Amino acid sequence: MTNNIAEALKSAYNAITEFQTKQQLSQQSRLIAVSKTKPASSVAAAYQAGQRAFGENYVQELVSKATELQQLADIEWHFIGPIQSNKTKDIAQYADWVHSIERLKIAERLAAQRPADKAPLRVLLQINISAEESKSGIKPDELLPLAAAVAKLPQLQLKGLMAIPQPGNSAEAFEQMQKLSLQLQQHYPDAKELSMGMSDDWQQALRFGSTMIRLGTAIFGARETHSDDR
Ligand SMILES: *Cc1c(COP(=O)(O)O)cnc(C)c1O
């Protein structure tokens, strides 16, 4: 298992570098290893292989893995799942990044609950780019008002955008996200991060400026299905 994870990481990083070179992409892109549903031992194996950034969708899993692995220096936890308001305290305590901000109320709670002795929580606003009824995220025209409100909050740093396009025609969605990101950066030059691309579509995402690709299956293998997993 340990070896498989190390091997998978190595081949993912190699594939990313090769793709960036071939496409002559200049932006820096980071790989977030999405460890949802996987045990802390798998995260530890990836850490031993040099991986530092991990993505979690479920608050309970974030808390238990972050607690179990707290001795791992400079491990970085990215919360990427839907957020209920009664769960913000744990996220404010344990996450370093939150990719899934879609309501001001949630951002306000995170700001108020972020411990004063920790660095500000870095946040991304989630866009419902495929305009799916059932999906999380704000509409593109809600972006600037939400960004303005979030940027004022203490203990939060607005760092950019995130999206989970519908599988299939994601290229168009990624292109729209790139435009929105440039628009956001005109107002907030530090909000450069663009979290998009998963195991099946990361190449497309990189072509359209993704700075954070979130790979689960490609690193840790297939998941047991979770209730709200697709
Ligand atoms: C599960 C998940 C991923 C990783 O998906 P894979 O297809 O396994 O790479 C990325 N982002 C989010 C928001 C997820 O929920």
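A few ground rules first. This is a predicted model, where local features need pLDDT of at least 70 and side-chain atom pairs count only at pLDDT 80 or more, while totals for chains, interfaces and linings use all residues. Residues are numbered from 1 along each chain as its sequence is written, and side-chain values use heavy atoms, with hydrogens and water left out.

View 1. Around the ligand you'll find Val34, Lys36, Asn57, Ile80, Ile164, Met198, Ser199, Arg214, Leu215, Gly216, Thr217 and Arg223 (a residue is near a molecule if one of its heavy atoms lies within 4 Å of it). This shell splits into 5 nonpolar, 4 polar and 3 charged residues (Ala, Val, Leu, Ile, Met, Phe, Trp, Tyr, Cys and Pro count as nonpolar, Asp, Glu, Lys and Arg as charged, and the others, Gly among them, as polar).

View 2. Ser199 has a side-chain N or O atom 2.5 Å from an oxygen atom of the ligand. For Asn57, a polar side-chain atom lies 2.8 Å from a ligand oxygen atom. The side chain of Arg214 has an N or O atom 2.8 Å from a nitrogen atom of the ligand. On its own the ligand exposes 390 Å², and the protein buries 91% of that (areas come from the Shrake-Rupley method with a 1.4 Å probe; for residues, only the protein chains shown count as cover).

View 3. Helices (H or I, at least four residues) and strands (E, at least two) are DSSP runs, numbered from the N terminus. Strand β2 (residues 53–56) is covered on both faces, with Ala53 and Gly55 buried on one side and Phe54 and Glu56 on the other (buried means under 20% relative accessible area, exposed over 50%, partly exposed in between, with a 1.4 Å probe and protein chains only). In a regular strand, side chains alternate between the two faces of the sheet. Strand β1 (residues 30–34) runs parallel to β2, joined by 2 bridges (strands pair if DSSP finds at least two bridges between them). Gly55 is the bridge partner of Val34. From β1 the chain passes through helix α2 (residues 40–48) to β2 in a right-handed β-α-β crossover (with the strands pointing away from the viewer, the path from the first strand over the helix to the second runs clockwise).

View 4. His78 belongs to strand β3 and counts as buried because its relative accessibility is 0%. Its side chain makes a 2.8 Å polar contact with that of His99. Thr88 is in helix α4 (residues 88–94), and its side chain joins that of Gln113 in a polar contact of 2.6 Å.

**View 5. Two loop residues with positive phi.** Thr37, in the loop between β1 and α2, has a phi near 70 degrees although it isn't a glycine. Asp74 also has a positive phi, about 55 degrees, and isn't a glycine. Asp74 counts as exposed because its relative accessible area is 58%.

Note on methods: A polar contact is a pair of N or O atoms within 3.5 Å; within protein, one must be able to donate a hydrogen and the other to accept it, and residues adjacent in sequence count only if both atoms are side-chain atoms.
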